[in-house]
Each structure stands twice: as C-alpha cells, then as structure tokens.
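Please have a look at the sequence and the fold before reading on.

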Amino acid sequence: MRKTVVLAEKPSVGRDLARVLNCHKKGNGFLEGDQYIVTWALGHLVTLADPESYGDQYKSWRLEDLPMLPSPLKLVVIKKTGKQFQAVKSQLLRKDVQDIVIATDAGREGELVARWILEKAHVNKPIKRLWISSVTDKAIKEGFRKLRNGKEYENLYASAVARAEADWIVGLNATRALTTKYNAQLSSGRVQTPTLAMIALREEEIRNFKPKKYYGIKAVTEKGLSFTWQDKKSNDTKTFDMDNIDKKLHHLNGKDAKIVSVKVTPKKTYSPALYDLTELQRDANKRFGYSAKETLSIMQKLYEQHKVLTYPRTDSRYITSDLVPTLKDRLEACRIKPYAPAIAKILSKPIKANKSFADDAKVSDHHAIIPTEESVPLSALTDKERKIYDLVVKRFVAVLSPAYQYEQTVVTAKIGDESFSAKGKRVISLGWKEVYSDHVDEDSEDDQTLPAITEGDTLAIRSISKTTGETKPPARFNEATLLSAMENPSKYMAGESKDLIKTIGETGGLGTVATRADIIEKLYSSFLIEKKGKDIFITSKGKQLLNLVPEDLKSPVLTADWEQKLTKISKGALPKQVFLNEMKQYAKEVVNEIKNSEQKFKHDNLTGSKCPECGKLMLEVNGKKGKMHVCQDRECGYRKGISKVTNARCPNCHKKLELRGQGEGQIFVCKCGHREKMSTFQERRKKNQNSKVSKREVSNYMKKQDDNFSNNALADALAKLNLKD
C-alpha cells in the first residue's frame, strides 16, 4: 500500500499528529500507521555551511580573504542532530512512500526547516502542506481534510532562503571584517546593528536633553472643585513664560469664578485589539518582567503541549471571518472560575462579528493569538504559563465584551479675563473593563467628582496658585519599548532621531515577530547592551562598534527596506536572486569600507586576571544573568562566570541578590549594601523553611482541587501564614 510521510517540526507535535492519524507502530524516529508515516525534525536539522567548508583559506580569519561570496551556498546536516536527519531521510526515500505532507510550523521558518531537509535528502516527491494555527485534534483533522498543494508555498520558501542567505552574506562578512581588523569579538548583522543604533540614538537624546521649566495656574473653589488655567489662543494648560503667569496671578487674586458652560458628552471606549506576538511580549514584559524570548517560549508550550492557545508567531491582531462560528466553543473552553461571569454575559446573546476583531484583509499567514476549543484546568499550568494564558484569555473575552461607557463633563469658567476648565466623569457601564478584576482606571488624572453645577453659577475661589513642572527626557528603552521600536521605529524615536528614520513607516519594522526576541538576546550575549533594573543600556563595546561599522548598516530604513523585499519575494513579486545579488554587492561595499577605515578599537574593561588558556588579560562584562570574565583574544574564546543574579531576596529591601565568588568563599551582595556569606544565608533560609508553608506545598495541595475551590478551612489557615519567597 502506498503511504504518505508527514514531517513535523518537533517530536511533541509529531506524536499528536500520529495519534490523530492512527500511527501507533513505533520506529526509529517515526511512528507508522496503515496510511501515514509521521516523522519529525528537532527544529533545524540542516543549515547553511560555515565558511570553512568552502576552502582552506577560510579556516583562518584573515581580512585579505574577504569578502566571502561562494555560489551557491551549500547545505550541511547539523552534527548534533545528524542521527535524526538520517531517520527522517530513510522514511522520505522509502519506495512505498508516494508523497509528503509538510507539517512543520505554518510560517516562513517552518517552511525552511522542512524544505531544507527535503533538499538535502534529495527527495523529489509530490508535496502537500498542512497549514493550521493550533494543534488540537479538531484542528489537525480539519487541516488534513483541507491539505494544500505544496507549490503554493514555494515563494514562501524562496523568501526564507533569501533571508537565511542574506544574513550569511552580510552578517558573516561584516563580523569577520570587524573582528580581524580590530582583533576583538565584534558581531554585526543586518537587523541587530540597526537595533543597536536605535538604542544609541535614544541615549544620545537623553544625554543632550536640557530640561525646561513650565508653569500653569490652579484654582480651587470653596466646594472643592479644582480648575486648571487654559491659554486663550492655544488652549494649552502650560507655558514656559513664568513672568506672564505671575502677572496673571496678581490680577486674579480675590476674583470669583463664573461658570460659562457645562458640557456633558456620552463617550465609549472599546477593548484593545487581540494579541499578536509583539504586543503579548510587550505586555508580559511590562507586567511580569518576562523577556521577549521567555514569553515566546511559554507561548510555544501553551500552543504545542497544552494546546490551549493558537500559533504564537503571528503579526496580526485580527481573526478571519471563518473563525467567527468557532468563537462560542472557544469561550466555552475557557469558561472556568476566573472568566466564567464575563463569558456567561457574552454567551447570553448571539455573538456578532465586526471589523474591530474579524477582518480577512488584515490577516496574512496567521490570525491573532486566541484560545483554542480545548480547555485546561489552571492547576495543570505552571505559574508563568498561567500568567500568559490569563493575558490572552482576558484580552479575547474583553474584545467580545461591550464597550466601556461613561459621561464626560467639561466645565468652563472665567476668572477675571482668563479661561479655566474642570473635567469630571460618571461611569455608565464598565463593559470590557469588568473583565479585569485588577483594573486600574487609566483615564485622565484630571477627572474628578463634580458637584451639582449649572451655567451662570458664580463660585468663590478658596485658593489660586502657580503650578510648576519640568520637561522630561525620553525614557530609556526596556524590552517592551524596544520591541515597539523595532516594530515601528519612527513612532518611538524623537527629535533628530525621528527625522533620520521618518520614512520607516512606509517600509516596515526591523526583523519579524519571530526573530525580534532572538535579536535582543544576541545583543545581550555579544555584550553590546546590558540591563540595569528594567532599563537597557548600550555598553562601551556597543558604542565603539557603531563607530566602526559602515553608516548604511546602522540604518533602520535600509534594513526595513530589506524586510519589505523579503515580503515581496514571499508573494512572488520579486525574484529571490535579484535580492541576493543586491546583498552580495552590499557585502563587498561593507568589507571594503571596514578595510580602509582609520578607526581604532580599545578595550576599556580589562581586568588584572589572566586567561588560563592563553595568558592574555581578561575582560569583565555584564552578561544578562551576571558578570563574566572573557578572554580578549577572539581566537581563544575562553569565558567564565564570576557572579550571577539569583532568585534569593535581600532581607532588607527584598530585591534579588547577586551571588559572587567560588566554593566556600561565595557571598550574596545586594545593591542596597547588604552582604552575607553563603553559610549565613543558608541558616536564615533554614529558619524560614521551618516556620513557613512553602509555595510548593500550597501548589501541590491546590492541584488536587477543582477550579471552583474556594475558602475552606485549609485556605483560611494558609492565608494567615507568611509564604516564603
């Protein structure tokens, strides 16, 4: 009987596919049934060959051998996953296999994983494509009923190859040129370098910022109503002219306020749109401090393992119209205690789709991240998984909930010849805001409870005073705002920096939703940026690198233009080779400029410690998880951790402690000045353990309860105890 090989991206997804397709016979790296053979990759099994494979001249890094432009670029099997490649290849080449279903992740990178395996295995059999956004049994069955022709995705594959080869051509040439020219470990690339440049531009704006004082007037009536002065011409409530404000105050003293108008306006606001990956990463960073990479990893488990959320690597915040009939089942799946009341209200009426969340034109490869039709006991999720699941479910429920409605009242008054205003608000219906039990009203801080007041009233002024403030510099980037800047650089830059990249809105952002987390991690691991608290700072190495790389390679506009061309390739609007020829020419220019540069690089973080491998002095760098010593010689590459940030908390300020030293000499240090030996810390921890109930004990008990568990005797007892950190 003729069979079909189904190629998944990971073993966990492969097992799910095999179960649904009735493939129960176990083999070496595959599962087989009567009709299908399911096998899997381990992520990438095949990659582009290193420069060394193109000739002995590239085994040593020499400036005179650059640029490296081999054609064509070769594929090689990744050594550590070579065994699985052979297992997959043997199934693909079986004589009884007539065709192949690509079932890797439905996106550009997933297409590359599968197609490179097929190309390296020299397989030339008909291809079909499974394209699904969740891995529930229902979605898999539906997907196999609607398998697509593999030829529909050849342009997507071309785009993926173009991206990978462009990164090789530009990234490796620039990195080798910089590293050999300055004998330092200097990494550069077509996305990471412009991202670094944006961080540097923001720091320059902060450094050059000069604060200016501004002034206003506040008047408070005997009824406690607070009025704010407004400029007659501009309606601005602030001015930089202190003398003008002082003159106005002098004339206003002792005068009453006459109410000119009382305007009541009904208003409504709707929920923010559904999550795409970048928006979810931003929120997770703001609320929980999770890195972009960490959020993606948690989402991947909720998608693959628990099957409760849809495909994470999406750049759309809308769903397609064909999903609207499934919304009821998705709501039922997450109708558990925290969300049940809000969901019950939604399901009490027919669900009506509208363009605010269902719009086919705004969905490309994948729709927004939403719950699947499968339910899960919250106790089955880890704390981090539950937090991300909670974000997605609440946003999903909020989008399907009614608008938040309120009445806004604006009172305009005259004090002398000057105009003043006061705002008040009355909530009519919480609507979608009711979904958020921890909701903090984000409306204007100027809103206040207004007394009964009508046009023509005269109010005595109890106090009138000058208000002052000072303009603030742009905030430093954190991971949340850096993701936003990568998505839309012009929106998050100011002043001269914004002028430099104002055309970016026409060309798109830096990288893709699937690659931005990795880019940020690479900037950390290359020691080009470091984190202090939540803020991101560029290192001395990062600043110097930007002085050494060609100007074009720092431009967000140029890089975003490349991303736009990759999108055109995926749509068949641009030949892959045209783009790659452009990349080769650009690599030549980059290498030539670096070769002819008169710039210098200087290590300013040398220590007195010598490298145990080569004897050269070590550099001290701030890694993401602590301090490290690394050898200054890039050919040596030795590195050693000397401290790490732990989850242990300071007994004084409760911030995370840093662990320094080795062996018995290890010591915990806090920014507040607290220091204690490891032995002292362990004694303190032991005392706490003896007197407190651990989180694990509580968690283990709670997992035995159903989702409706509430305030019984044990819960009361636990509530009275202090849980340890």
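How many nonpolar, polar and charged residues does the lining of the second largest cavity have?

## The second largest cavity

That lining has 4 nonpolar, 3 polar and 3 charged residues (Ala, Val, Leu, Ile, Met, Phe, Trp, Tyr, Cys and Pro count as nonpolar, Asp, Glu, Lys and Arg as charged, and the others, Gly among them, as polar). Among the residues that line it are Trp61, Arg62, Asp65 and Arg176. The space inside is about 40 Å³.

A cavity here is a set of points on a 1 Å grid over the protein atoms alone where a 1.4 Å probe fits but cannot get out, and lining residues have an atom within 4 Å of a point. A volume is the space filled by probe spheres set on the points.

## About the model

This is a predicted model, in which local features need pLDDT of at least 70 and side-chain atom pairs count only at pLDDT 80 or more, while totals for chains, interfaces and linings use all residues. Residues are numbered from 1 along each chain as its sequence is written, and side-chain values use heavy atoms, with hydrogens and water left out.

## The largest cavity

The whole structure holds 2 cavities of 30 Å³ or more. The largest has about 100 Å³ of space, and its lining includes Glu9, Lys10, Asp105 and Tyr303. By class, 8 nonpolar, 1 polar and 3 charged residues line this largest cavity.

Terms used:
On a 1 Å grid over the protein atoms alone, a cavity is a set of points where a 1.4 Å probe fits but cannot get out, and a pocket is an open set with protein on both sides within 12 Å along at least five of seven lines; lining residues have an atom within 4 Å of a point.
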